[in-house]
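Here is a short briefing for a reader who is new to this structure. It covers the pockets and the ligand.

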Amino acid sequence: TESDRHVTDLAGRHVVVSAGGTREPLDPVRFLGNRSSGKQGYALARTAAARGARVTLLSANSALPDPAGVDVVPVGTALELRDAVLKAAVDADAVVMAAAVADFRPAVYAPGKIKKKEGGAEPEPLELVRNPDILAELSGARPRAGQVVAGFAAETDDVLAHGRAKLAAKGCDLLVVNEVGERKTFGAEENEAVVLGADGSETTVPYGPKETLADTVWDLVAERFPE
Ligand code: CTP
Ligand code: CA
């Protein structure tokens, strides 16, 4: 990989990576969450640091150890992640949103543990509200001129068509699209993907370590830095 060759093409750059998955609390003991392990985001943070970048890793509920030389900021919910991204992005050359952000959160947080009703009554339906779209917000109002913004999307069915539509809707520069499958994506050590560029580019990354995909993402990000 690039990092094995001791390339320091990201020296002097500040990059922000989000990783893991947000958790949206229902009450003090329960949450709505997802299966993201954080491995791809952590691989992005490690490879960027190896290539000389200053790295801020916004880590949502990942059990992985802190990568050496990386500034790790723990976050819990989508709203906390949004605040942390907007803060860290102010002086960032690039932001890569690898975190799985919950689309919805419970409309109300119960400060005490929710109890079953007496007499075996059916539960009330759970009311949800939308979380802000952090990637779209950042893409539309770049906190720093020339900042490169990238996202990730796991899709099924016509993966590339969904990816192209999502890239356009978000307004980001790059979208890493992977197909959700048995041995891929969630919790896996390896991944395969197509990286779509807003300029129409398409870069296929064959099945392999998440570090390889991470290095390709940084190659494509670095190409897009202004002079
Ligand atoms: N994302 C985000 N804020 C959200 C949801 C998603 O910043 N509220 C980011 C993710 O970090 C990822 C990208 O957007 O980089 C795509 O996430 P995805 O869930 O695929 O996109 P959605 O617009 O939520 O589409 P879908 O309805 O398919 O879930
Ligand atoms: Ca989503």
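A polar contact is a pair of N or O atoms within 3.5 Å; within protein, one must be able to donate a hydrogen and the other to accept it, and residues adjacent in sequence count only if both atoms are side-chain atoms. A polar side-chain atom of D103 lies 2.9 Å from an oxygen atom of ligand 1. The model is predicted: local features need pLDDT of at least 70, side-chain atom pairs count only at pLDDT 80 or more, and totals for chains, interfaces and linings use all residues. Residues are numbered from 1 along each chain as its sequence is written, chains are lettered from A and ligands numbered from 1 in the order in which they are written, and side-chain values use heavy atoms, with hydrogens and water left out.

**Ligand 1**

- An oxygen atom of ligand 1 is 2.7 Å from a polar backbone atom of M97.
- A polar side-chain atom of K166 is 2.6 Å from an oxygen atom of ligand 1.
- Taken alone, ligand 1 exposes 570 Å², and the protein buries 74% of that (Shrake-Rupley method, 1.4 Å probe).

**The shell around ligand 1**

- The shell holds 13 residues (a heavy atom within 4 Å of the ligand).
- The closest are M97, A99, L135, K166 and K170.
- Strand 9 gives the most, with three residues.
- The shell divides into eight nonpolar, one polar and four charged residues.

**The largest pocket**

- A pocket is an open set of points on a 1 Å grid over the protein atoms alone, where a 1.4 Å probe fits, with protein on both sides within 12 Å along at least five of seven lines; lining residues have an atom within 4 Å of a point.
- The largest pocket has about 830 Å³ of space.
- Of its 33 lining residues, A99, A100, V101, F152 and A153 are closest to its centre.
- Helix 1 (39-50), helix 3 (134-140), strand 9 (148-155), helix 4 (159-170) and strand 10 (174-179) each supply at least two lining residues.
- The lining has 16 nonpolar, ten polar and seven charged residues.

**The second largest pocket**

- The volume of the second largest pocket is about 440 Å³.
- Its lining has 18 residues, with I114, K115, P123, E124 and L126 nearest its centre.

Notes
Points joined across faces, edges and corners; volume = space filled by probe spheres on them. Helix = DSSP H or I, 4+ residues; strand = E, 2+ residues; numbered from the N terminus. Nonpolar A, V, L, I, M, F, W, Y, C, P; charged D, E, K, R; others polar.
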